[in-house]
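Subject: Handover of a structure

Dear colleague,

Please find below the structure that I am passing on to you.

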Amino acid sequence: MQPLTDIEACFQGIIPSYLATCSKDGEPNITAISIVHLLSSTRVGVSCQFMNKSLQNLRDTGSAQLMLLHPHTLVDYLIDLRFEGLIDSGPVFQKMDATLDAIASQSGMAGVFSLSGVAEFEVLGWQAAAPAPSATSEHAAPSDPIEKLDRITELLSGAADLDAVFDRTFSVLAEQLGLQHGFLLLADGSGERLYNVASHGFDSARFGAEIALGEGIYGTAAARQVSIRQGSMRRERLLLHAAARESAQPDPTSLPLPGLSDAESSLAIPLLRAGRTIGVLCFQSPVPGAFTEVCEKTLIIIARQLTAMIALLGVGAKEVEVSARRGPPGGKGPPLRIKYFEPDGSIFIDDEYLIKGVAGRILWRVLSNYATEQRDEFSSKEIRLDPEIGLPAIKDNLEARLIALRKRLSERTRALRIEKTGRGRFRLEVDRQLVLERRG
Amino acid sequence: VFLSETLQFSYLLGVRALPPCLPTGSRVDSTAVTALSGELRAWLVPGLAGTVATVDASGQPRIARVWAARALSGRDVIEIYVQRSASRGFVDGVASGGRAALNLIEVTSYRSRMFKGACRVSTAAPEEPWIEECLTALNRVFSSVGLAAGCAELMLSHGGLPLSMVALELSVESVFDQSPKPGAGAPL
């Protein structure tokens, strides 16, 4: 029997499949299945949500046949199966449950669907429904994944600081794996939110954009600590657009994550360290079923190296003393009007939303110092020690926060910049006069 | 073994001169109607995506893709067409077991129904224009959900040309709501 990986694209849920079963007295039953999971080259799994009769039949007779349509060649494949059992725990169940949660959350339907179990099948045989000369295996000459991994890890390990890691990660992945659209979310110190610190291949990079842990595909991957791959996002996109149409007043401080307007595939790889989620590597593609299992596993390995590098390079230089250098006031062009809303730490520049939360409070802190003391150089240590900013006592992720803030500023204005001046030290550069307004 | 007609799809070969369409469900029978309500009959229009399953002599379920389906007038019977070369296991299974389950889905809404009952290969003459109408409608709904234009023809072409269809009649005994939702599978 040929391995099922020959038709891996059939298992990405791009086009619904069908499962036929029969009762003890020979009565057939057929139901549509949104996705069939490829568990190994000879085993498949089907998530059980709305298939009571099929399950009863499987328990009674154990026989089943699947029909899957190949999304690229449009060849129908028939797979003969023997039911092995219903799984309701363990890694396979956890991964499918997380995927279902992620899709439901992405579609604004969290809590509607629940996974009662995963039906696991042994594959007895499979073939094209209509064997024809055109129905061939999709095996292309695969490039050597070890060679690519070697090259990627080599390029990444050359990064000397977090900034370089974030910049290099996506360019290397684009070059070596052809992943053209991706971003990196890091967990904040509380572990409840994720913010965007690196972005590649989108119209708008949206540095500093935040989501809650458990929100959407990426938040769910972080919360459940499993990678989540989705091959067809069309339905979710339609539902989201409908939800957006129906929503009353948009939140002016809402900055959505970067994304392709025509994304069809999505992949989320959590960065895990000692049982804790420190971030999520996120990818999108306009091509349905773009991310294969090999791609997912390759990225899981890369994510482990990335995690180690972030942990190593993200430790701030706490020994750096507070700087007291004074800088010249900026004065090119009209004044820059900056509003700070204390309750959520949100900052608006000339009435346009910039950032909020910890990053917003950091920016307000340095802007205030700049305005009152005409001081333009700061240290990470003084930011950490300021109770108003609200950084957690441990694992504050300040270095990554400053990178996100710096990149977000560069997205929105040229008149205000944060430049790294040394380990644990940065400078605020201002080209225009500032008019600061604080609101409670 | 197969009593149904072989359909030569001239439109797939580039010849599009076809006779005018006959009204949907034009065959009439005096058998009492019970299982197929007026609402279900109205729902059975060209453009539904379909699959049908039976059980062969060894007890193995067999699936085939359905390319056209309609309710026959005055009877609780749905006439369906499957492609011969892609449905050998299914057609053999029907010949031995005689039972089938038909799943039809309204692609744009996911509204789905399953019909169960006795099934046999039909002896009636096929209506090419109606089948072409069904394939045209399928192309329309498939492209509306992102599949390539003309995908019905491409899918059928894997079974070889000229196309050969098998007509079957499913005597509907029970109908189930299979739309994806809690309680899916309830009888109608």
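**The interface between the chains**

Across the interface of chain A and chain B, the rule finds three salt bridges, a salt bridge being a side-chain nitrogen of Lys or Arg within 4 Å of a carboxyl oxygen of Asp or Glu. Asp80(A) forms a salt bridge with Arg62(B), and their closest N and O atoms are 3.3 Å apart.

Before going further, please note that this is a predicted model, in which local features need pLDDT of at least 70 and side-chain atom pairs count only at pLDDT 80 or more, while totals for chains, interfaces and linings use all residues. Residues are numbered from 1 along each chain as its sequence is written, chains are lettered from A and ligands numbered from 1 in the order in which they are written, and side-chain values use heavy atoms, with hydrogens and water left out.

The rule also finds ten residue pairs in polar contact across the interface of chain A and chain B, both residues at pLDDT 80 or more. A polar contact is a pair of N or O atoms within 3.5 Å; within protein, one must be able to donate a hydrogen and the other to accept it, and residues adjacent in sequence count only if both atoms are side-chain atoms.

On the side of chain A that touches chain B, the elements that give two or more residues are strands S1 (17-22), S2 (28-33), S5 (63-69) and S6 (76-87) and helix H6 (234-246) of chain A. Helices (H or I, at least four residues) and strands (E, at least two) are DSSP runs, numbered from the N terminus. S5(A) provides the largest share of this side, six residues. By class, this side of chain A has 19 nonpolar, eight polar and six charged residues. Here Ala, Val, Leu, Ile, Met, Phe, Trp, Tyr, Cys and Pro count as nonpolar, Asp, Glu, Lys and Arg as charged, and the others, Gly among them, as polar.

The contact (heavy atoms within 4.5 Å) takes 33 residues from chain A and 38 residues from chain B. Together the two chains bury about 2900 Å², 61% of it on carbon and sulfur atoms; buried area is the accessible area (1.4 Å probe) that two parts lose on being put together, summed over both. In chain A, the residues that lose the most area to chain B are Ile30(A), Phe50(A) and Leu74(A), together 22% of what that side buries.

**Salt bridges overall**

Over all chains, the count comes to 44 salt bridges. One of these joins Arg229(A) and Glu296(A), whose closest N and O atoms are 2.6 Å apart. This pair links distant parts of the chain, 67 residues apart: Arg229(A) is in strand S11 (residues 228-230) of chain A and Glu296(A) in helix H7 (residues 293-313) of chain A.

Yours sincerely,
A colleague
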